[in-house]
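Please look over the structure shown here before reading on.

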Amino acid sequence: MTSAATGVTVTIDDAGGATDASPALTPTFDITVPNNAGDDAVEYNTEDQNNVDLIYAGQDFNATTLYPGREYQLRSVDETDGNQITDSTFEKPLTADSNGDITGISTSDLPTGDYFVSGDGVTATTNNTIEIIEQSFATDFDDNSVDNEGSTTVDLNVDSNRNDFDVIVESEDFDYDDSELDDIFGEDSSVTTTENSDDEFVIEGVDGDFATNFSDIDEGEYNFTFTVADTGVEDDASINVNSVGEGEADLSQSTTSVQQGDFGTFTVTMNDAAEGGDATVLIGDQDEDGYQANITVTDDDDDGEVTFAFNTYKAGNISATDEQMVSLVGDSAGEDEISFDGQSNLGDILDSGDYIVSVGTDTDPADVLDSPDNVGTLVITDRETPEQQLWRTSTDTLDDVETAAGDDDEDAAAAITTAVENDQVTQTDTLALDPDGSQDDVMVHQLTAPGLSGILGAPESGEVTTEFANALDGSNTYGDANLSVVLEEENPGANQDPATLDLSAASVSDALTVIADGQGNYYVFVDYSSVEDADYEDSDITFEDGDEVTADVSVQDTRLLNIDTSDVDADEASEDYYQTASANFSVEEAEGSFDLNEDDLVAVTVSEDAEITGTTNIAPGTEFTVRIQSSGDTEPRFFETQTVTVQADGSFNATYDLSDQSAGDEFTASVRQAGFSLSEDGVVVETLSTETPATGTATATPDEGTATATATPDEGTATATATATATEADDGTPTEETSTSTPGFGAVLAVIALMGAALLAARRNN
């Protein structure tokens, strides 16, 4: 016969014997072998898992697929060779039950390490071992205190090298069956709380951090001991519960004033229990104001404040999306939550006037309207007439502004202000164009137009190029053009149509960069090099040297201007309703020159800092290179380039090390990567001659002795005043006293004023 299992002996005895006349008996019997017994393997299980090879110290485990009723040993592994166990230590005896199982093997008295069950049918290999490790377990509350009203939840942090286990909770402050324990630890759906038969409060299924809730728990300090149910490891955690008031919502400013069409900004504050929760904001009262908007804000970051912007342009338009109506701004952007819960339907834009703003912690708008925590006022004023100023800059500065606009940590409007202060953006009435069309000045149209932020979706400073371009071509809002920017030549030749550039043309939109400063000013950068490269209605719109151009920026939005399109035709609207801001500039061909000596040569000295200077009419801040290259019989030969930056007065200078050269050496100086071409012969000299000024004293006596230039833009635009006073010193020599105030965009105005005073003095002297 074939043996059913190794180690089983079967003996059959013929009870009749050989001499017995009776036939021999043939007994029959069954041999039962447990499933898998004798295949040199053992399977280890826990209460929750089968066929495991790792358990945690303190857990009980079972060994199965053994021979029923046999004696076994639990041994610890001391040494191995490959997968063979070569040395081990006896730990405890074991006996398999009638099913071939050994259950409830305790590990509480065993150190960590590898173990195996040794005996019949089990080979001493690493395949039949189980590892015992310590369970790491640490607990603490995410915050050391929590409120019992309002923001009442706090996470219990659980740090362990094990997943999905049960934890027993004990506290001197609560009985195991106290319902408050279930209120605290039953907050999070990822775990389950129960009271077991051992009169213990257990949290089942712990797998990392989970939320707890101390709502309505009495004020005081509470200490908890958390014990892992099957391993016995434990840790303590404590928390202080604060008793707070019910809390209320308020507005940081009682009055918010905004021009019709702009965003109004509100900051809702929440204290005590209201902090970290929701607040209802009602703008207007339907019965009293004929309009009402319902808004809910949530203080997700628990700082007690939520700041949002409300679009007065979209107010009353029920087809407006929630995102168009309200948006989180300032520190609340990306931190808190807001929802727009509906508004009254109006046929026109929200009228100017005063609107009550009610705030409260109730979720029902009717309750907040009847009994608000606090109230404020939204004041909508009539829009001011738009204005326009012209500035110019370089493509380099435009690149800097665009980089700032794309950087979340930088403010593009602040970058413009910095460029003005550094004389890289200057107020102008001229534009220098490169004859080749690649290095033109960049014109900046500063449009001061309160009421546009609602159309452009711009409650804060930042780039609004796409929205502005959409407003130009009518692809936003209602499908009609909201804005128009048209540049037209005023002095065309005889029998010629004026050159006209309409920035609403789709092919020109790539030439625009528009920055909003959040104060009603929009800086429209127009890169004319890109304009000239565009296919604009299959015609040449390039402005030329000597052209006088008018730039008209027109606000044409029918809703913002409250135009009844059913009664007003387009021509009438254009003449009587549209609001236009105009500015003029002249076009010059870009040019430049080096400063020459009396021999019409560029003269430099033999020195380490030989300087070449010049002037140009292109925009301050523009960079280009000045190259010098030896010519004639000059030895040693040299070839050097320097990058120069055009200054506010149009000057530029480049410095070179010519200390190895000699007087009389010749060279050619030229410019590269500029909007103009320039090349001059030069010579190296020992010293530069200094002309002696004509004798005599020039005295300037302007009217009343003072020349003053003052720019006072509308609200939101920087103002500068510069005063130059020509007086005489005791010896009759003219002196000049200056006083300047140059915040922000006013820096260039001070320079203009001083130059104007000096020119006036010189003219009168002559």
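A residue counts as buried under 20% relative accessible area, as exposed over 50% and as partly exposed in between, for a 1.4 Å probe and protein chains only. Thr687, with a relative accessible area of 62%, is therefore exposed. Thr687 has its place in the loop between strand 46 (679-685) and strand 47 (706-711), where helices (H or I, at least four residues) and strands (E, at least two) are DSSP runs numbered from the N terminus. The C-alpha atoms of Thr687 and Ala603 are separated by 9.1 Å, although these residues are 84 residues apart along the chain.

The model is predicted, and for this reason local features need pLDDT of at least 70 and side-chain atom pairs count only at pLDDT 80 or more, while totals for chains, interfaces and linings use all residues. Residues are numbered from 1 along each chain as its sequence is written, and side-chain values use heavy atoms, with hydrogens and water left out.

**Aromatic rings**

The structure holds 15 aromatic pairs, a pair being rings of Phe, Tyr or Trp (its six-membered ring) with centres within 6.5 Å, called stacked if the planes are under 30 degrees apart, edge-to-face if over 60 and tilted for the rest. The rings of Phe174 and Phe224 form a stacked pair, because their centres are 6.0 Å apart and their planes lie at 10 degrees. Since Phe174 belongs to the loop between strand 12 (165-170) and helix 1 (179-185) and Phe224 to strand 16 (residues 220-228), this pair ties together parts that are 50 residues apart in sequence. Both Phe174 and Phe224 are buried.

Phe185 lies in helix 1 and Phe201 in strand 14 (residues 201-206), so the pair ties together parts that are 16 residues apart in sequence. Phe185 is buried, with a relative accessible area of 0%, and Phe201 also counts as buried, at 2% relative accessibility. Ring pairs link a cluster whose members include Phe174, Phe185, Phe201 and Phe224.

A ring can also have a charge over it, which requires NZ of Lys or CZ of Arg within 6 Å of the ring centre and within 35 degrees of the ring normal. The charged end of Arg70 sits in this way over the ring of Tyr67, 4.9 Å from its centre.

**Two helices**

The axes of helix 5 (residues 395-405) and helix 6 (residues 412-421) come within 8 Å and cross at roughly 150 degrees, where axes are lines fitted to C-alpha atoms, for helices over the stretch in contact, and angles run from 0 to 180 degrees between N-to-C directions. That angle makes helix 5 roughly antiparallel to helix 6, given that angles under 35 degrees count as roughly parallel, over 145 as roughly antiparallel, 65 to 115 as roughly perpendicular and the rest as oblique.

**Backbone details**

Most residues other than glycine have a negative phi, and most peptide bonds are trans. The peptide bond from Glu635 to Pro636 is cis, with omega near -5 degrees, and Pro636 lies in the loop between strand 42 (623-631) and strand 43 (639-645).

Asn562 lies in the loop between strand 37 (548-555) and helix 10 (570-576), whereas Gln673 is found in the loop between strand 45 (666-672) and strand 46.
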